[in-house]
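Hi there,

Here is the structure I promised to pass on. Have a look at it first, and then read on for what turned up in it.

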Amino acid sequence: MNGTAEAVAEYAADWPGTGPEVDVVLCPPWAFLDRLRSAFQGRDIQFGVQSTAIEPAGAFTGEHAAEMAWDLGAKYAIVGHSERRRLFAESYDVVAAKFLAAQRAGLLPILCVGETLDERHRSRAIEVVMAQLDSVGRTCGGTAWEHAVIAYEPVWAIGTGETATPQQAQEMHAAIRAYLGRTAAELADAVRVIYGGSVNAGNAETLFAQADIDGGLVGGASLDAVEFAGICSAAARPCEEESL
């Protein structure tokens, strides 16, 4: 929940651009979605929203439907972010319903999963993440993963400056990919699994070099256009190396 109309204009003016090797998605607050999309018109940028309502329309004052996001040019919707789960009491059932709502409107849900510090200390990290995936899989069916992105965001690393080590992140990403493979073999490589947890220009390249990390869900560092573009460029470098 950051930004002003002036900040949106400055952000677009400061954006240095990125190469075609990486997909860039900006997910601003709802109030600035249309303004930011207009400011970036003609550039190779896609847009999403940070949350969405379950219902497509109706008497739900203050809510925003996924269909509204689509109408404003969004292609993605973040679902189940740890702050939504913690601060707004979004249960497993609510997250699964929002996942379906995003797909209903034609949006690609970016499903956030992750454990708390206490759960990691009790060696329950993988168990918790698998349960979060299962809750969506049971409600939405295995085919739901064909049109989704999964973001691993260890809750203890969100906005804290703490970051999972590349090895910790890779371990969880590999577990998520194995889970997808058990659902359908082709999903293991087809679904993007990205990392979110205090990603910045200093650690992005090392994180993105891991075998099962396909990109980042970037929080605070994305508020600086130049730094965020640098992170995006870091995501492109492993792709460039693979093509050599």
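**What turned up**

Strand β4 (residues 108-113) and β5 run parallel and are joined by 4 bridges. Please keep in mind that this is a predicted model. Within this pairing, Ile110 sits opposite Val149 of β5, and Val113 sits opposite Tyr152 of β5. On its other pairing, β5 is linked to β6 by 4 bridges, again with the two strands running parallel. There Tyr152 has Tyr195 of β6 as its bridge partner.

These strands belong to an open sheet of 6 strands, paired in parallel and ordered β1-β2-β3-β4-β5-β6. The edges are taken by β1 (25-26) and β6 (192-195); each has a single partner strand, so one side of each has no neighbour in the sheet.

Which way do the side chains of β5 point? Val149 and Ala151 point one way, Ile150 and Tyr152 point the other way, and all are buried. Helix α7 (residues 125-140) lies across β4 and β5, and runs at about 150° to β4.

Now to the packing. The largest nonpolar core has 68 residues, and Trp15, Leu133, Trp145 and Ile176 are those with the most contacts inside it. Helix α11 (residues 225-243) gives the most to this core, contributing 8 residues. Another core, of 8 residues, lies apart from it and includes Tyr76, Cys112, Val149 and Leu217.

Leaving out residues up to four places away in sequence, Trp145 touches Phe99, Leu111, Leu133, Val136, Gly137, Ile150, Tyr179, Leu180, Thr183, Leu187 and Val191.

Helix α8 comes next. α8 has 18 residues and reaches 26 Å from its first C-alpha to its last, close to the 26 Å expected at 1.5 Å a residue. Its buried residues are Pro166, Ala169, Gln170, Met172, His173, Ala175, Ile176, Arg177, Tyr179 and Leu180. As a general point, an α-helix has 3.6 residues a turn, so residues three or four places apart point the same way. Ala174 also lies in α8. How accessible is Ala174? Ala174 has a relative accessible area of 30%, which makes it partly exposed. Ala174 and Ile213 are 39 residues apart in sequence, while their C-alpha atoms are 8.5 Å apart in space.

Gly159 has a relative accessible area of 79%, so Gly159 counts as exposed. Gly159 and Ser198 are also separated by 39 residues in sequence, with 6.0 Å from C-alpha to C-alpha.

Finally, the overall picture. The chain holds 11 helices and 6 strands. Its radius of gyration is 17 Å, close to the 18 Å given by the globule rule for 244 residues, so the chain is as compact as a globular protein of that length. The C-alpha trace spans about 50 × 45 × 35 Å along its principal axes. Of the 244 residues in the chain, 47% are buried. Among contacts with a separation of 6 or more, 68% are between residues 24 or more positions apart.

Enjoy looking around in it!

Best wishes

Technical notes
Residues are numbered from 1 along each chain as its sequence is written. This is a predicted model: local features need pLDDT of at least 70, side-chain atom pairs count only at pLDDT 80 or more; totals for chains, interfaces and linings use all residues. Side-chain values use heavy atoms; hydrogens and water are left out. A nonpolar core is a set of buried Ala, Val, Leu, Ile, Met, Phe, Trp, Tyr and Cys residues joined through side-chain atoms within 4.5 Å. Buried means under 20% relative accessible area, exposed over 50%, partly exposed in between (1.4 Å probe, protein chains only). Contact means heavy atoms within 4.5 Å. The expected span of a helix is 1.5 Å times one less than its number of residues. Two strands pair if DSSP finds at least two bridges between them. Axes are lines fitted to C-alpha atoms, for helices over the stretch in contact, and angles run from 0 to 180 degrees between N-to-C directions. The radius of gyration is taken over C-alpha atoms; the globule rule is 2.2 Å times the number of residues to the power 0.38.
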